Amino acid sequence: MIRIPLLFVAFAGIVAAQSGPCLADAFLDVSEAPGAGPAHPRPRVEANCEGDELVVRSNGIPHYEFVQVTPNPLKEQDYEFRIPSAPQRAGAPTPIPLLGSIGFAVNGVVIFGPNEGPVPAEEQFGDPVFNAIMDACMGHTALEYHYHAMVQKCLSNGVKDGDPSPVLGFGFDGFPIRGPWGCADAECNEVLRYRSSWEEVREPHQDAWDAYEYVEKDSREYLDACNGHTGPQGDYHYHVTETWPYILGCYAGPPVGRGNRGRRRPQVSEAGPGRRPPPGGPGRSGDRVPRAGRPRGGPGAGPGRPSPEEVRAASEALSKDEATVAKALRVEPGGLKPVNLAASARTLGVEPGQLIEALGRSEAPRRPRQNQAPPGEPECFFRCGQSEENAVGCTLTPDHKVMCFRPCDDNKCG
Ligand SMILES: [Zn+2]
Ligand SMILES: [Zn+2]
(Lines give C-alpha, C1' and ligand atoms only; values in the text may rest on other atoms or scores of the structure.)
(Ligands and ions follow the chains in the order given, each with its own letter.)
Protein backbone atom coordinates (compact mmCIF):
# COMPACT_ATOMS: atom_id res chain seq x y z
CA MET A 1 0.00 0.00 0.00
CA ILE A 2 2.81 2.38 0.78
CA ARG A 3 4.88 2.96 -2.27
CA ILE A 4 8.38 4.29 -2.07
CA PRO A 5 8.44 7.33 -4.29
CA LEU A 6 11.58 6.71 -6.26
CA LEU A 7 10.54 8.33 -9.49
CA PHE A 8 10.59 11.89 -8.31
CA VAL A 9 14.26 11.93 -7.47
CA ALA A 10 15.14 12.11 -11.12
CA PHE A 11 13.17 15.34 -11.37
CA ALA A 12 14.45 16.99 -8.25
CA GLY A 13 17.37 19.06 -9.37
CA ILE A 14 19.40 21.46 -7.36
CA VAL A 15 18.70 25.17 -7.11
CA ALA A 16 21.46 27.18 -8.59
CA ALA A 17 24.82 27.60 -7.39
CA GLN A 18 25.52 29.58 -4.38
CA SER A 19 28.69 29.04 -2.49
CA GLY A 20 29.89 30.29 0.84
CA PRO A 21 28.51 29.57 4.25
CA CYS A 22 24.84 30.20 3.37
CA LEU A 23 23.40 26.90 2.20
CA ALA A 24 20.51 28.08 -0.01
CA ASP A 25 21.83 25.73 -2.70
CA ALA A 26 21.00 22.73 -0.55
CA PHE A 27 17.30 23.06 -1.44
CA LEU A 28 15.57 20.92 -4.04
CA ASP A 29 14.12 22.40 -7.19
CA VAL A 30 10.66 20.87 -6.91
CA SER A 31 9.20 22.64 -9.96
CA GLU A 32 9.58 19.56 -12.17
CA ALA A 33 8.89 16.99 -9.47
CA PRO A 34 5.72 14.86 -9.75
CA GLY A 35 4.20 16.50 -6.69
CA ALA A 36 1.77 15.13 -4.12
CA GLY A 37 -0.88 14.08 -6.65
CA PRO A 38 -3.61 15.55 -8.88
CA ALA A 39 -5.87 16.40 -5.93
CA HIS A 40 -3.21 18.52 -4.26
CA PRO A 41 -1.49 21.86 -4.90
CA ARG A 42 1.92 21.85 -6.58
CA PRO A 43 4.85 21.88 -4.16
CA ARG A 44 6.64 25.19 -3.74
CA VAL A 45 9.93 25.95 -1.97
CA GLU A 46 12.34 28.81 -2.38
CA ALA A 47 15.50 29.54 -0.38
CA ASN A 48 17.50 32.75 -0.31
CA CYS A 49 20.35 34.21 1.65
CA GLU A 50 19.28 37.57 3.07
CA GLY A 51 21.86 39.35 5.19
CA ASP A 52 22.97 36.92 7.83
CA GLU A 53 19.91 34.74 7.44
CA LEU A 54 18.81 31.82 5.33
CA VAL A 55 15.20 32.55 4.39
CA VAL A 56 12.96 29.73 3.19
CA ARG A 57 9.43 30.10 1.87
CA SER A 58 7.35 27.06 1.07
CA ASN A 59 3.85 25.64 0.98
CA GLY A 60 4.72 22.46 2.87
CA ILE A 61 3.43 20.17 0.11
CA PRO A 62 5.72 17.16 -0.48
CA HIS A 63 7.25 16.89 -3.95
CA TYR A 64 6.38 13.18 -4.12
CA GLU A 65 3.13 11.29 -4.06
CA PHE A 66 1.15 11.84 -0.87
CA VAL A 67 0.10 8.55 0.73
CA GLN A 68 -2.34 9.12 3.55
CA VAL A 69 -1.56 7.19 6.72
CA THR A 70 -3.48 9.29 9.28
CA PRO A 71 -7.08 10.55 9.02
CA ASN A 72 -5.87 14.10 8.36
CA PRO A 73 -5.95 15.61 4.87
CA LEU A 74 -2.92 17.22 3.24
CA LYS A 75 -3.21 20.99 3.55
CA GLU A 76 -1.23 23.70 1.85
CA GLN A 77 0.75 25.95 4.21
CA ASP A 78 2.37 29.34 3.87
CA TYR A 79 5.71 29.08 5.63
CA GLU A 80 8.50 31.54 6.00
CA PHE A 81 11.47 30.28 7.97
CA ARG A 82 14.44 32.42 8.97
CA ILE A 83 17.52 30.86 10.49
CA PRO A 84 21.07 32.17 10.98
CA SER A 85 23.24 31.29 7.99
CA ALA A 86 26.28 31.06 10.28
CA PRO A 87 24.89 29.19 13.31
CA GLN A 88 26.73 29.15 16.62
CA ARG A 89 26.89 26.49 19.31
CA ALA A 90 25.34 27.48 22.63
CA GLY A 91 27.14 26.91 25.95
CA ALA A 92 24.63 24.15 26.69
CA PRO A 93 22.10 22.43 24.43
CA THR A 94 18.41 23.33 24.58
CA PRO A 95 15.62 20.75 24.72
CA ILE A 96 13.46 20.64 21.64
CA PRO A 97 9.73 21.22 22.20
CA LEU A 98 7.48 18.25 22.89
CA LEU A 99 5.13 19.29 20.09
CA GLY A 100 5.43 21.36 16.95
CA SER A 101 8.14 22.01 14.44
CA ILE A 102 11.87 22.04 15.15
CA GLY A 103 13.21 22.63 11.64
CA PHE A 104 12.52 22.06 7.95
CA ALA A 105 13.68 19.84 5.13
CA VAL A 106 15.21 20.85 1.78
CA ASN A 107 11.79 20.37 0.12
CA GLY A 108 10.15 22.90 2.48
CA VAL A 109 8.33 20.34 4.65
CA VAL A 110 8.53 20.89 8.41
CA ILE A 111 10.38 18.59 10.79
CA PHE A 112 8.88 17.68 14.18
CA GLY A 113 10.59 16.05 17.14
CA PRO A 114 10.71 12.25 17.37
CA ASN A 115 7.58 11.77 19.49
CA GLU A 116 3.97 11.79 18.35
CA GLY A 117 1.35 14.00 20.00
CA PRO A 118 -1.37 13.22 22.54
CA VAL A 119 -3.10 10.81 20.13
CA PRO A 120 -3.69 7.94 19.40
CA ALA A 121 -5.24 7.33 22.77
CA GLU A 122 -3.28 4.20 23.64
CA GLU A 123 -0.03 5.46 22.22
CA GLN A 124 0.13 9.02 23.49
CA PHE A 125 3.47 10.70 22.89
CA GLY A 126 4.82 7.42 21.59
CA ASP A 127 7.45 6.89 18.91
CA PRO A 128 5.51 7.18 15.64
CA VAL A 129 8.15 5.21 13.75
CA PHE A 130 7.85 2.35 16.23
CA ASN A 131 4.05 2.70 16.15
CA ALA A 132 4.15 2.48 12.33
CA ILE A 133 2.11 5.59 11.57
CA MET A 134 4.58 7.11 9.08
CA ASP A 135 4.65 6.96 5.27
CA ALA A 136 7.63 5.61 3.31
CA CYS A 137 9.41 8.98 3.57
CA MET A 138 8.76 9.11 7.35
CA GLY A 139 6.16 11.86 6.99
CA HIS A 140 2.46 12.07 7.82
CA THR A 141 -0.24 14.66 8.26
CA ALA A 142 -1.55 16.18 11.44
CA LEU A 143 -2.73 19.63 10.52
CA GLU A 144 0.39 19.97 8.41
CA TYR A 145 2.51 17.33 6.67
CA HIS A 146 5.65 16.76 8.75
CA TYR A 147 8.57 14.43 9.30
CA HIS A 148 9.47 12.59 12.48
CA ALA A 149 12.42 10.88 10.78
CA MET A 150 14.03 11.36 7.35
CA VAL A 151 14.80 9.12 4.40
CA GLN A 152 17.75 10.28 2.30
CA LYS A 153 16.43 8.96 -1.01
CA CYS A 154 13.23 10.97 -0.54
CA LEU A 155 15.16 14.20 -0.06
CA SER A 156 18.22 13.98 -2.28
CA ASN A 157 18.93 13.97 -5.93
CA GLY A 158 19.84 10.32 -6.34
CA VAL A 159 22.77 10.29 -3.92
CA LYS A 160 23.87 6.71 -3.43
CA ASP A 161 23.68 5.05 -0.03
CA GLY A 162 27.19 4.87 1.33
CA ASP A 163 28.39 8.06 -0.37
CA PRO A 164 28.80 11.14 1.83
CA SER A 165 25.31 12.46 2.49
CA PRO A 166 24.04 15.85 1.36
CA VAL A 167 22.21 18.33 3.59
CA LEU A 168 18.60 17.17 3.96
CA GLY A 169 17.32 19.95 6.19
CA PHE A 170 18.01 22.47 8.96
CA GLY A 171 17.19 22.79 12.64
CA PHE A 172 15.73 26.05 13.92
CA ASP A 173 19.13 26.76 15.44
CA GLY A 174 20.48 27.03 11.88
CA PHE A 175 22.63 23.89 11.90
CA PRO A 176 22.32 21.66 8.83
CA ILE A 177 20.99 18.12 9.04
CA ARG A 178 22.89 15.68 6.84
CA GLY A 179 21.89 12.20 5.77
CA PRO A 180 23.36 9.21 7.62
CA TRP A 181 26.76 9.00 5.87
CA GLY A 182 29.71 11.34 6.31
CA CYS A 183 33.44 11.58 5.81
CA ALA A 184 35.51 10.26 8.69
CA ASP A 185 38.55 12.37 7.77
CA ALA A 186 39.27 15.64 5.97
CA GLU A 187 40.36 13.85 2.77
CA CYS A 188 37.31 11.60 2.91
CA ASN A 189 39.31 8.41 2.60
CA GLU A 190 36.72 6.75 4.74
CA VAL A 191 32.94 7.18 4.93
CA LEU A 192 31.07 6.31 8.12
CA ARG A 193 27.42 5.68 8.78
CA TYR A 194 26.67 7.80 11.84
CA ARG A 195 24.66 6.41 14.70
CA SER A 196 22.54 7.69 17.53
CA SER A 197 23.87 7.29 21.07
CA TRP A 198 20.37 6.97 22.51
CA GLU A 199 19.44 3.52 23.78
CA GLU A 200 15.99 1.97 23.99
CA VAL A 201 15.24 1.07 27.61
CA ARG A 202 11.68 -0.10 27.03
CA GLU A 203 9.16 -0.32 24.21
CA PRO A 204 8.44 3.22 23.05
CA HIS A 205 4.77 2.80 22.23
CA GLN A 206 3.92 5.54 24.74
CA ASP A 207 5.86 8.46 26.31
CA ALA A 208 8.74 7.73 24.01
CA TRP A 209 11.16 10.14 25.71
CA ASP A 210 11.00 7.92 28.79
CA ALA A 211 11.74 4.87 26.66
CA TYR A 212 15.12 6.11 25.43
CA GLU A 213 18.22 7.30 27.29
CA TYR A 214 21.27 9.03 25.92
CA VAL A 215 24.41 7.06 26.78
CA GLU A 216 27.66 8.66 25.68
CA LYS A 217 29.77 6.42 23.44
CA ASP A 218 33.45 6.31 22.73
CA SER A 219 33.39 5.29 19.11
CA ARG A 220 33.63 8.02 16.44
CA GLU A 221 30.50 6.99 14.51
CA TYR A 222 28.33 7.83 17.51
CA LEU A 223 26.71 11.25 17.72
CA ASP A 224 26.11 13.52 20.71
CA ALA A 225 22.79 13.84 22.56
CA CYS A 226 21.50 16.31 19.97
CA ASN A 227 22.31 13.76 17.22
CA GLY A 228 25.14 15.89 15.85
CA HIS A 229 28.92 16.22 15.88
CA THR A 230 31.74 18.39 14.66
CA GLY A 231 32.81 16.80 11.37
CA PRO A 232 36.33 16.50 9.96
CA GLN A 233 35.96 19.92 8.30
CA GLY A 234 35.41 21.50 11.70
CA ASP A 235 31.74 22.35 11.19
CA TYR A 236 28.96 21.19 13.50
CA HIS A 237 25.97 19.45 11.94
CA TYR A 238 23.34 16.85 12.71
CA HIS A 239 23.01 13.48 11.02
CA VAL A 240 19.78 11.63 10.34
CA THR A 241 19.92 8.27 12.12
CA GLU A 242 18.16 4.95 11.76
CA THR A 243 17.10 4.97 15.41
CA TRP A 244 15.75 7.48 17.95
CA PRO A 245 15.90 10.48 17.90
CA TYR A 246 16.10 10.04 14.09
CA ILE A 247 16.79 13.75 13.41
CA LEU A 248 17.43 16.01 16.43
CA GLY A 249 17.68 15.01 20.09
CA CYS A 250 18.10 18.63 21.23
CA TYR A 251 19.25 21.96 19.79
CA ALA A 252 23.03 22.43 19.84
CA GLY A 253 22.62 26.16 19.15
CA PRO A 254 20.02 28.63 20.40
CA PRO A 255 16.82 28.06 18.38
CA VAL A 256 15.47 31.15 16.67
CA GLY A 257 12.12 29.68 15.81
CA ARG A 258 9.93 29.72 12.82
CA GLY A 259 8.56 32.68 10.96
CA ASN A 260 5.26 32.44 9.22
CA ARG A 261 3.93 34.55 6.45
CA GLY A 262 4.45 38.26 6.80
CA ARG A 263 5.79 37.95 10.30
CA ARG A 264 9.21 38.33 11.70
CA ARG A 265 10.71 36.11 14.30
CA PRO A 266 10.12 38.08 17.49
CA GLN A 267 6.33 38.29 17.07
CA VAL A 268 5.75 34.72 16.06
CA SER A 269 5.17 31.71 18.21
CA GLU A 270 6.27 28.29 17.12
CA ALA A 271 2.63 27.29 16.94
CA GLY A 272 2.03 30.02 14.36
CA PRO A 273 0.89 33.63 14.42
CA GLY A 274 -1.70 34.65 16.94
CA ARG A 275 -2.00 31.21 18.38
CA ARG A 276 -2.34 30.50 22.02
CA PRO A 277 -0.65 27.72 23.88
CA PRO A 278 -2.83 24.68 24.44
CA PRO A 279 -5.30 24.94 27.27
CA GLY A 280 -3.80 23.66 30.47
CA GLY A 281 -5.29 21.18 32.82
CA PRO A 282 -4.40 17.73 33.98
CA GLY A 283 -1.77 16.21 31.80
CA ARG A 284 -1.68 19.02 29.34
CA SER A 285 0.26 21.88 30.85
CA GLY A 286 3.47 20.19 29.81
CA ASP A 287 2.36 20.02 26.21
CA ARG A 288 2.78 23.71 25.59
CA VAL A 289 4.66 24.60 22.50
CA PRO A 290 7.42 26.95 23.59
CA ARG A 291 7.45 30.30 21.92
CA ALA A 292 10.24 30.77 19.48
CA GLY A 293 12.23 33.90 19.02
CA ARG A 294 12.59 34.37 22.76
CA PRO A 295 15.91 33.80 24.33
CA ARG A 296 15.74 30.45 26.02
CA GLY A 297 18.17 29.16 28.55
CA GLY A 298 19.55 25.69 28.86
CA PRO A 299 17.76 22.78 30.41
CA GLY A 300 15.50 23.90 33.21
CA ALA A 301 14.60 27.14 31.51
CA GLY A 302 11.71 27.89 29.21
CA PRO A 303 7.95 28.03 29.51
CA GLY A 304 6.39 25.10 31.27
CA ARG A 305 9.70 23.72 32.53
CA PRO A 306 9.45 23.15 36.27
CA SER A 307 11.81 25.35 38.28
CA PRO A 308 14.00 23.98 41.12
CA GLU A 309 11.52 25.51 43.61
CA GLU A 310 8.62 23.70 41.95
CA VAL A 311 10.58 20.43 42.01
CA ARG A 312 11.27 20.91 45.73
CA ALA A 313 7.61 21.69 46.43
CA ALA A 314 6.46 18.64 44.45
CA SER A 315 8.96 16.39 46.20
CA GLU A 316 7.61 17.49 49.61
CA ALA A 317 3.98 17.30 48.60
CA LEU A 318 4.34 13.83 47.09
CA SER A 319 6.79 12.57 49.75
CA LYS A 320 9.28 11.47 47.11
CA ASP A 321 12.95 12.38 46.96
CA GLU A 322 13.91 15.36 44.88
CA ALA A 323 16.13 13.48 42.44
CA THR A 324 13.31 11.04 41.60
CA VAL A 325 10.86 13.89 41.07
CA ALA A 326 13.34 15.88 38.95
CA LYS A 327 14.03 12.87 36.76
CA ALA A 328 10.33 12.13 36.32
CA LEU A 329 9.80 15.78 35.39
CA ARG A 330 12.78 15.51 33.00
CA VAL A 331 14.62 18.41 34.63
CA GLU A 332 17.41 16.45 36.33
CA PRO A 333 20.92 17.95 35.98
CA GLY A 334 22.02 17.60 32.37
CA GLY A 335 18.50 16.51 31.34
CA LEU A 336 17.63 17.38 27.77
CA LYS A 337 14.18 15.91 27.28
CA PRO A 338 11.06 17.98 26.63
CA VAL A 339 8.70 18.26 29.59
CA ASN A 340 5.44 16.29 29.52
CA LEU A 341 3.55 16.49 32.80
CA ALA A 342 1.13 13.72 31.82
CA ALA A 343 4.05 11.34 31.34
CA SER A 344 5.71 12.57 34.56
CA ALA A 345 2.54 11.90 36.56
CA ARG A 346 2.40 8.38 35.13
CA THR A 347 6.04 7.79 36.08
CA LEU A 348 5.41 9.05 39.62
CA GLY A 349 2.22 7.00 39.95
CA VAL A 350 -0.01 10.01 40.63
CA GLU A 351 -2.86 11.71 38.83
CA PRO A 352 -1.84 14.61 36.56
CA GLY A 353 -3.97 16.99 38.65
CA GLN A 354 -2.14 15.90 41.79
CA LEU A 355 1.22 16.60 40.19
CA ILE A 356 0.13 20.03 38.99
CA GLU A 357 -1.08 20.86 42.49
CA ALA A 358 2.13 19.50 44.02
CA LEU A 359 4.13 21.79 41.74
CA GLY A 360 2.17 24.71 43.16
CA ARG A 361 0.60 25.43 39.80
CA SER A 362 -3.04 26.27 39.65
CA GLU A 363 -5.30 23.76 38.03
CA ALA A 364 -6.38 25.15 34.67
CA PRO A 365 -9.99 24.74 33.52
CA ARG A 366 -10.82 21.30 32.18
CA ARG A 367 -12.82 22.70 29.31
CA PRO A 368 -11.25 24.90 26.65
CA ARG A 369 -12.41 28.49 26.82
CA GLN A 370 -14.82 29.56 24.13
CA ASN A 371 -12.42 32.05 22.61
CA GLN A 372 -9.74 29.45 22.06
CA ALA A 373 -11.53 27.96 19.10
CA PRO A 374 -11.82 30.10 15.99
CA PRO A 375 -15.34 31.38 15.26
CA GLY A 376 -17.43 28.89 13.34
CA GLU A 377 -15.30 25.94 14.43
CA PRO A 378 -16.84 23.36 16.71
CA GLU A 379 -15.49 23.70 20.20
CA CYS A 380 -14.15 20.19 20.12
CA PHE A 381 -13.72 17.55 17.55
CA PHE A 382 -12.81 13.94 17.81
CA ARG A 383 -10.54 11.74 15.87
CA CYS A 384 -11.54 8.58 17.66
CA GLY A 385 -15.28 8.96 18.06
CA GLN A 386 -18.22 11.15 17.32
CA SER A 387 -19.42 12.15 20.75
CA GLU A 388 -17.96 13.97 23.69
CA GLU A 389 -18.79 11.09 25.97
CA ASN A 390 -15.78 9.78 27.82
CA ALA A 391 -13.54 12.57 26.61
CA VAL A 392 -10.33 12.41 28.57
CA GLY A 393 -8.99 15.79 27.60
CA CYS A 394 -8.64 18.52 25.06
CA THR A 395 -5.65 20.13 23.49
CA LEU A 396 -4.97 22.83 20.95
CA THR A 397 -3.50 21.59 17.70
CA PRO A 398 -0.80 23.51 15.81
CA ASP A 399 -3.57 24.65 13.49
CA HIS A 400 -5.54 26.34 16.26
CA LYS A 401 -8.24 23.72 16.51
CA VAL A 402 -9.39 22.33 19.79
CA MET A 403 -9.13 18.60 19.66
CA CYS A 404 -10.69 16.29 22.22
CA PHE A 405 -9.63 12.76 22.62
CA ARG A 406 -10.97 9.71 24.35
CA PRO A 407 -10.06 6.04 24.43
CA CYS A 408 -10.66 4.47 21.07
CA ASP A 409 -11.14 0.91 20.01
CA ASP A 410 -8.73 0.47 17.17
CA ASN A 411 -5.80 2.55 18.47
CA LYS A 412 -5.12 3.70 14.94
CA CYS A 413 -6.65 7.11 14.88
CA GLY A 414 -3.46 9.02 14.19
ZN1 LIG B 1 3.28 13.41 13.69
ZN1 LIG C 1 29.12 14.54 10.01
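Which residues of helix H3 (residues 308–317) are buried? The legends below start with that helix. This is a predicted model, in which local features need pLDDT of at least 70, side-chain atom pairs count only at pLDDT 80 or more, and totals for chains, interfaces and linings use all residues. Residues are numbered from 1 along each chain as its sequence is written, chains are lettered from A and ligands numbered from 1 in the order in which they are written, and side-chain values use heavy atoms, with hydrogens and water left out.

**View 1**
Glu 310, Val 311, Ala 314 and Ser 315 are the buried residues of H3. They cover an arc of only 135° around the axis, which puts them on the same side of H3. The arc is taken from the directions from the helix axis to the C-beta atoms. Pro 308, Glu 309, Glu 316 and Ala 317 are exposed on the other side. Buried means under 20% relative accessible area, exposed over 50%, and partly exposed in between (1.4 Å probe, protein chains only). Helix H4 (322–328) and helix H6 (352–358) are included in what covers the buried residues of H3; contact means heavy atoms within 4.5 Å. Just after H3, Ser 319 takes a positive phi of about 50°. Helices (H or I, at least four residues) and strands (E, at least two) are DSSP runs, numbered from the N terminus.

**View 1. The zinc ion (ligand 2) and its histidines.**
Three protein donors lie 2.0 Å from the zinc ion: His 229 (NE2), His 237 (NE2) and His 239 (NE2). Donors are N, O and S atoms within 2.8 Å of the metal (3.2 Å for Na, K and Ca); water is not among the atoms, so sites may look incomplete. The spacing of the donor residues in sequence is H-x7-H-x1-H. Both His 229 and His 237 are buried.

The whole structure holds 14 salt bridges, each a side-chain nitrogen of Lys or Arg within 4 Å of a carboxyl oxygen of Asp or Glu. Asp 210 meets Arg 330 at 3.1 Å, N to O. Asp 210 lies in helix H2 (residues 208–211) and Arg 330 in the loop between H4 and helix H5 (341–348), so this pair ties together parts 120 residues apart in sequence. Arg 330 is buried, at a relative accessible area of 2%.

Glu 213 pairs with Lys 337, with their closest N and O atoms 3.0 Å apart. Glu 213 sits in strand S15 (residues 212–214) and Lys 337 in the loop between H4 and H5, so the pair joins parts 124 residues apart in sequence. Glu 213 is partly exposed at 23% relative accessibility. Lys 337 is buried, at 8% relative accessible area.

**View 2. A network of salt bridges.**
Glu 50, Glu 53, Arg 57, Glu 80 and Arg 82 are linked in this network.

**View 3. An open sheet of eight strands.**
The strand order is S8-S9-S7-S6-S10-S11-S17-S16, and the pairing is mixed. Strand S8 (139–141) and strand S16 (228–230) are the edges, each pairing on one side only. Two strands pair if DSSP finds at least two bridges between them. From one strand to the next, the twist averages 40°. Strand S6 (residues 101–105) and strand S10 (residues 167–171) run antiparallel, joined by three bridges. Phe 104 stands opposite Phe 170 in S10.

How values were computed
Axes fitted to C-alpha atoms, helices over the stretch in contact; angles between N-to-C directions.
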